[in-house]
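Student: I would like to work through this structure with you, one question at a time. Could we begin with the strands and then turn to the contacts between chains?

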Amino acid sequence: MKELKILAVVVFFTLVTYWGVEPYAHSVMHKHVEFKNFKYEDLKPITAKGDPAKGQALAAACAGCHSIKAAKMPAPMDPVTASATYGVNPPDLSLAGKLLDAKYLAHFLKDPTHTALVAHKFKNKPYPMPPMATDDQSAADLVAYFKSIAPKEVTPKEAYEFACGRCHQMRYAKWTQIGEEPKTKPNIQTKMDEKKLEFEQKLAKYKDHLVKYMGKLPPDLSIIVRARSEEFLKTFVEDPQAQLPGTAMPRVGLNKEGYELVFKRLEEVGDPSKPKREAVGPWVLAYFFVFTILAYLWYKSQWKGLK
Amino acid sequence: MSDRRDFFGKALGAFAGLGALGALYAAKRTWDPLPSVKAAGYTTIDLSQAQENVLYTEMWRGKPIFVLKVPKKDKKAYDDPRLIKVGGEKFFIAIGLCTHLGCIPAYYPDQYKFICACHGGQFNAAGEVLKAPPPSPLVIPPFKVEGKKVVLGETSPEYEKLKEAGLVS
Amino acid sequence: MAHFDPNARPFSHKWLDERLAIDTLKRVLSTEYWIPKNINFLWAMGMILAATFGVLLISGIFLLMYYIPDTKLAFDSVNHTIMGEVGYGWLWRHMHGVAASVVFLIIYIHMFVGIYYGSYKRGRELIWLSGMLLFVSFSAEAFSGYMLPWGQMSYWAGMVITNLFSLGSLDLQGLVEWIRGDYVPGQAFLGRFFMLHVLLMPLIIMALIVLHFGTLRIPHVNNQDGEEIDFEAEAEKWKAGKRKESKVIPFNPVFLSKDVFVMGIYFIFYFYLVFYHFEFAMDPVNFDPADPLKTPPHIYPEWYFLWSYEILRPFPKDPGLLAFGFAQVIFFLLPFLDRSPNVAPASRRKPFRCWFWILLVDMIVLTIMGKVPPIGIYTTIGTIAAWVFILLWVALPFITKMEKPIRGAK
């Protein structure tokens, strides 16, 4: 019928415009980066079989900078002091064995700078973490140890705090680089909240050290899941240099499971309405389907015998 | 024939009304207090340093809260069953808004009473009405005693008992 | 002389009719408002626009309850409070953003239907002009609205568009700063665009809609053949029961029933976008908070401004501004540039038919070129498309003057 032809023309031109403005233009603006599934193909496989007991002995050296809560080893310094020395607060290592790729971790322990892809930033100054494993065997032993102490279940929140939280704030989740914002109450007479101000002062100092170390303040990730595509985020975390050449962000070395937990956290915080949206959508569409059918019946009854 | 047209028109109208109800429900939910507002509804008050007959004012859910370690000299108030026992002492804790029209009454320690500047209402040191126009005593909020601290906003058996006895307001 | 029956029951039909003339209103605006029968579903675009404006107004009301027009708080008031904490806040935000984009798709369809069928001529010039004023008002409303979330695109689009007012070589920096209320887009800027978006533009739009309906009343709605209908005579036929012979139908319920059916289909499409496919309307770039120290690698306006933006780009500074100014104004002149007396669909006006389709394709090309970076072949295509646009309008008086009058409009 004539009206269907007209509709086809309208739909055609609309789709052409949409294609040009969205998928096509965006493909021109953002080059395609291949996703490698967290295989870390540039790193040679480690064939040595790790001994967790030997690894435990070696791991004692880590306690100089890192806490390992799973092994009841506390942090040697508070986060702000640590950041003054190292630029950032060294992470707690309890989750390293579960969330990091084993091959990555072994290489990182042997040569942190190159494995983390930050050699371009540390040409004239030493990387805060020195190599901790001299050969493949000791690296494998350490990895085996970390695997043995890692908890079985990790929440998305814990994964984020371990992998990203020392550099990236998440204000919507009340997460700062030095920990969760404490619950405080202002003095109702002076209206000033001393505890909060103390915390903010510590955070300011930490951020200052972080900026000096990184060159730029790592962005708050509260809503990054809406600000970047899923494709961008996973290729970026897998290989920051591929998406943002020259960036100070290190390759963190997450394995697939680790990344999925981190991404889940990003979605929880950045797109909290997603479950509701997916629940309500089908009902609204179903409603309008029925509405259109009823409208069609009314329309047909009104126009019967008129043409 | 026009009946058929009318029927479909009415059916559509009714279905549209259903949709409007759905939209109204969503609108109602938009007006609801935010979760962060509801979560901020708990305040902890530390009573360990409280001095007798000195009025402390706290804030809870945006409202002023009177905290008074009731003086033993004021026998009538001290024996009032609506007082709250915290760490062996007796405290008067209530929302500091006059039950007449909501002004904040001032405490006069030498007279052991609250006097409201707006219309002259008076309450004793246990919040009972001494002089009109306030129609009822100062309201006791839900509370929970934890050692020498009190958490406002959380209920407890003691609060429930006072409530059932009609003593909270 | 008004007559008031003392025995009429208060609020009864008779009582209300005596005071408000509800029967007359019903006839004039609804049951005896005559629309040609010879129409297609494109005639429903006006009602769809009214409905979408309603959606924007209502979703806007709920957003307004929680939005904070402060540069330090705006972004989080939208992306944290409204999207995460307010009951169904996410729904109003998605509805508002998608509707703001889709409304322009419908506006362009509505405009081009008007151009195609010659619905801007022979008594309908003011309908066209009031419609163009609505287009400009909606554009201002959309631009001011886009500033409000105070994301990267809000800030930088605000910067770029207000910079246009320096008027090229005139270098009116003072004017630019006056418009912004500050040297750069900041609190003053946000406050005034908030005022425009929430109060002034909606009032202007509502007044223009009333005007638009007013200008439509006497000439009546056009029809697929551009036929000049004797509405009184045809109305008599309908009222006499000769519904099949009559060339007209009453707005309510006959035209309305078709309108509502088309609206149903539209809403399926619209809500599908709201729930499942909204990134075209809620660009990821605007989910980065505004940063005056960092320009995004790609700045572009919303899709509906791209054709106009692209006309500015290929030319050097001053000619570009002239071309841009030309593009904003030229559509207003359509009723006066079309020198042909023919009111007929473009399919029956050979030269105009070419003109129409070339214009449509050209505007789509300009739109797409406006989005891609201005490099290499895209600049070439954009320049050609910009020139085609200008030449089309210059040519219009000439090609329409040459049109032979169409015989037998009946």
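Student: Over how many bridges do β2(B) and strand β3 (residues 63-69) of chain B pair, and in which sense?

Tutor: Bear in mind that this is a predicted model. One bridge between the two strands joins Trp60(B) to its partner Lys63(B) in β3(B). The pairing of β2(B) with β3(B) runs in the antiparallel sense, and the bridges number six.

Student: Which residue stands opposite Leu68(B), and which opposite Ile84(B), in β5(B)?

Tutor: Strand β5 (residues 89-95) of chain B has five buried residues out of seven, so it is largely enclosed by the rest of the structure. Opposite Leu68(B) in this strand stands Phe92(B), while the residue opposite Ile84(B) is Phe91(B).

Student: Which residue takes a positive phi in the hairpin of β4(B) and β5(B)?

Tutor: Two residues lie between the strands of this hairpin. The positive phi, near 55°, belongs to Gly87(B).

Student: Which element gives the largest share of the side of chain A that touches chain C?

Tutor: The contact draws 39 residues from chain A and 42 residues from chain C. On the side of chain A, the elements giving two or more residues are α1 (2-29), α10 (224-227) and α14 (274-303). That side divides into 23 nonpolar, nine polar and seven charged residues. Its largest share, 15 residues, comes from α14(A).

Student: With which residues is Met263(C) in contact, leaving aside its neighbours within four places in sequence?

Tutor: Met263(C) belongs to the largest nonpolar core, of 77 residues, where it touches the most other members together with Ala295(A), Ile48(C), Ala99(C) and Val103(C). Beyond its sequence neighbours, Met263(C) has as contacts Ala44(C), Met47(C), Ile48(C) and Ala51(C).

Student: What distance separates the centres of domain 1 of chain A and domain 2 of chain A?

Tutor: The domain assignment gives domain 1 as 1-29 and domain 2 as 45-183 + 193-274. Taken over C-alpha atoms, the centres of these two domains of chain A are separated by 45 Å.

Notes: Residues numbered from 1 in each chain as written. Chains lettered and ligands numbered in written order. Predicted model: local features only at pLDDT ≥ 70, side-chain atom pairs only at ≥ 80, totals over all residues. Domains from an automatic or database assignment. Contact = placed C-beta atoms within 7 Å. Helix = DSSP H or I, 4+ residues; strand = E, 2+ residues; numbered from the N terminus. Nonpolar A, V, L, I, M, F, W, Y, C, P; charged D, E, K, R; others polar. Core = buried A, V, L, I, M, F, W, Y, C linked by C-beta atoms within 7 Å. Buried ≥ 20, exposed ≤ 12 C-beta atoms within 10 Å, placed from the backbone. Pairing = 2+ DSSP bridges.
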